[in-house]
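Have a look at it first, then work through the notes below.

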Amino acid sequence: MKKLITRSCEEIMTTVYKPIEFVIDGLIAQGLYILAGAPKVGKSWLALDMCLSIAKGEKILGLKTSQGTALYLCLEDSYARIQNRLYELTDEPTEMLYFSVMSDPIGGGLEEQIEGFVIEHRDLKIVFIDTLQMVRSDTDSSYGSDYKELSVLKALADKLEIAIIVVHHTRKCRDTDPFNMISGSTGISGCVDGSMVLIETKRGSRNAKLFCVGRDIENAEISLHFDSDLKKWIVTDELSTGQSKDNIFLAALYVYLKKHISFTGTASELVSELKEVTQEQFYPNRVTRDLVQNGYTLRKYGIDFQYKRTRNGRLIILHYDRERDSSDGKNTSEVTVNRLTLKV
């Protein structure tokens with residue numbers, strides 16, 4: 001019997017883990033996703049636009065992308081049809097987007113094919129599989145079967161640290177919960193890291209909503225219109241980009257340390273010191289969380305931190321190193337919280 005591997009609450013809460021990396025900002029992170037919609041609704045146009053945008057490092061639906069190689073398995077298309085669609089979207093080829101019209105099924109070689117592609121393209125960011133039915137090796141659509149097949153792709157995405165998007169269909173019947181319209185059992189939604197459902201407000205209207213939910217993303221409803229000239233889905237409402245209190249805290253901390261270089265004290269004392277640079281209200285019980293969960297960002301700004309247990313409690317030790325500061329504020333004599341809030 002293998003010994004159960006555990007980590008203490010203390011260890012987990014004070015360890016700086018690698019942050020979640022988004023391929024499309026706030027929408028698609030590393031992991032497995034479903035993109036579902038009715039036949040001919042425009043899922044493939046959206047998928048291709050996403051692939052092109054990631055390969056070129058351009059925005060998609062108004063959201064920033066992390067540039068890298070994209071692989072699109074167009075398993076219901078021919079290369080001639082792909083060519084036609086590409087020319088509808090762009091006249092500028094990119095060397096970072098690849099296509100295939102044939103692949104092995106899940107559990108029958110698909111995973112090895114994708115891993116082989118990664119060996120040749122280390123900067124692979126995303127794989128689109130269009131459609132799920134074309135790579136299924138089991139015709140059974142029970143919860144167990146759906147979950148088992150998709151868990152293979154989920155494990156692959158986690159192992160390779162990439163995003164895998166599986167294009168799928170919705171049922172004909174409407175539902176007040178759009179995610180209940182995803183064809184198959186709830187094993188599909190239960191296994192994936194996120195689901196996106198594209199639903200036209202009226203069939204043929206070319207107006208639609210993209211419903212999004214996931215483990216690492218906030219629930220969202222994005223209103224879209226399909227531009228028949230551009231062959232693209234265009235956002236018709238403003239996306240919510242609420243100010244993050246964490247970002248304001250980090251900005252205030254950066255401004256403070258850029259002036260004072262070091263700090264040693266309790267969380268309450270740090271909150272009190274930050275009043276020197278902003279009137280924003282921070283809470284001592286959230287300081288530890290904000291420091292730990294943003295450890296990678298702090299390092300980018302040349303800030304190191306550690307905790308030291310004492311008889312009277314836990315001390316926070318912070319130090320700013322200007323030479324390791326890779327931010328825009330490094331060579332600026334005056335830096336304000338407002339200026340850095342969106343950059344941190």
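Ser44 counts as buried because its relative accessibility is 17% (buried means under 20% relative accessible area, exposed over 50%, partly exposed in between, with a 1.4 Å probe and protein chains only). This is a predicted model, where local features need pLDDT of at least 70 and side-chain atom pairs count only at pLDDT 80 or more, while totals for chains, interfaces and linings use all residues. Residues are numbered from 1 along each chain as its sequence is written, and side-chain values use heavy atoms, leaving out hydrogens and water.

**Ser44 and its helix**

- You'll find Ser44 in helix α2, which covers residues 43–56 (helices are DSSP runs of H or I with at least four residues, strands are runs of E with at least two, and both are numbered from the N terminus).
- Leaving aside residues up to four places away in sequence, Ser44 touches Tyr72, Arg85 and Asp130 (contact means heavy atoms within 4.5 Å).
- Helix α2 crosses helix α3 (residues 79–89) at roughly 65°, and their axes come within 11 Å (axes are lines fitted to C-alpha atoms, for helices over the stretch in contact, and angles run from 0 to 180 degrees between N-to-C directions).
- That makes α2 roughly perpendicular to α3 (65 to 115 degrees counts as roughly perpendicular, under 35 as roughly parallel, over 145 as roughly antiparallel and the rest as oblique).
- The crossing of α2 and α3 is right-handed (right-handed if the near helix is turned clockwise from the far one by less than a right angle, left-handed if anticlockwise).
- On the α2 side, Ser44, Trp45, Leu48, Asp49 and Leu52 meet Arg85, Leu86, Glu88 and Leu89 of α3.
- Sorted by class, this contact of α2 with α3 has five nonpolar, one polar and three charged residues (Ala, Val, Leu, Ile, Met, Phe, Trp, Tyr, Cys and Pro count as nonpolar, Asp, Glu, Lys and Arg as charged, and the others, Gly among them, as polar).

**Helices α4 and α5**

- Helix α4 (residues 110–120) packs with helix α5 (residues 143–160) at an angle of about 15°, their axes 11 Å apart.
- The two helices, α4 and α5, are therefore roughly parallel to each other.
- From α4, Leu110, Glu111, Ile114, Glu115 and Val118 meet Val152, Leu153, Leu156, Lys159 and Leu160 of α5.
- The residues in this contact of α4 with α5 split into seven nonpolar, no polar and three charged.

**The nine-strand sheet**

- Nine strands make an open sheet with mixed pairing, in the order β5-β4-β6-β7-β3-β8-β9-β10-β11 (two strands pair if DSSP finds at least two bridges between them).
- At the edges sit β5 (97–100) and β11 (232–235), each pairing on one side only.
- On average, and ignoring direction, neighbouring strands of this sheet are turned by 25° against each other.
- Helix α3 packs on this sheet, touching β4 (69–74), β5 and β11, and its direction makes about 150° with that of β5.
- Strand β10 (residues 220–227) pairs with β11 in the antiparallel sense over four bridges.
- Within that pair, Leu224 stands opposite Val235 in β11.
- Helix α5 lies across β3 (31–37), β6 (124–130) and β7 (163–169), and runs at about 130° to β3.

**The three-strand sheet**

- Another open sheet has three strands in the order β12-β14-β13, with antiparallel pairing.
- Its edge strands are β12 (262–265) and β13 (301–310), and each pairs on one side only.
- The twist from one strand to the next averages 15°.
- Four bridges link β12 to β14 (residues 313–325), and the two run antiparallel.
- Ser262 has His319 in β14 as its bridge partner, and Asp304 also stands opposite His319.
- Nine bridges join the antiparallel strands β13 and β14, and a hairpin connects β13 to β14 through two residues.
- Helix α8 (residues 267–274) lies across β12 and β14, running at about 135° to β12.
- Helix α9 (residues 284–293) also packs on the sheet, where it touches β13 and β14, and its direction makes about 135° with that of β13.

**Asn247**

- Asn247 belongs to helix α7 (residues 245–260).
- With a relative accessible area of 22%, Asn247 is partly exposed.
- Asn247 and Asn294 are 47 residues apart in sequence and 9.2 Å apart in space, C-alpha to C-alpha.
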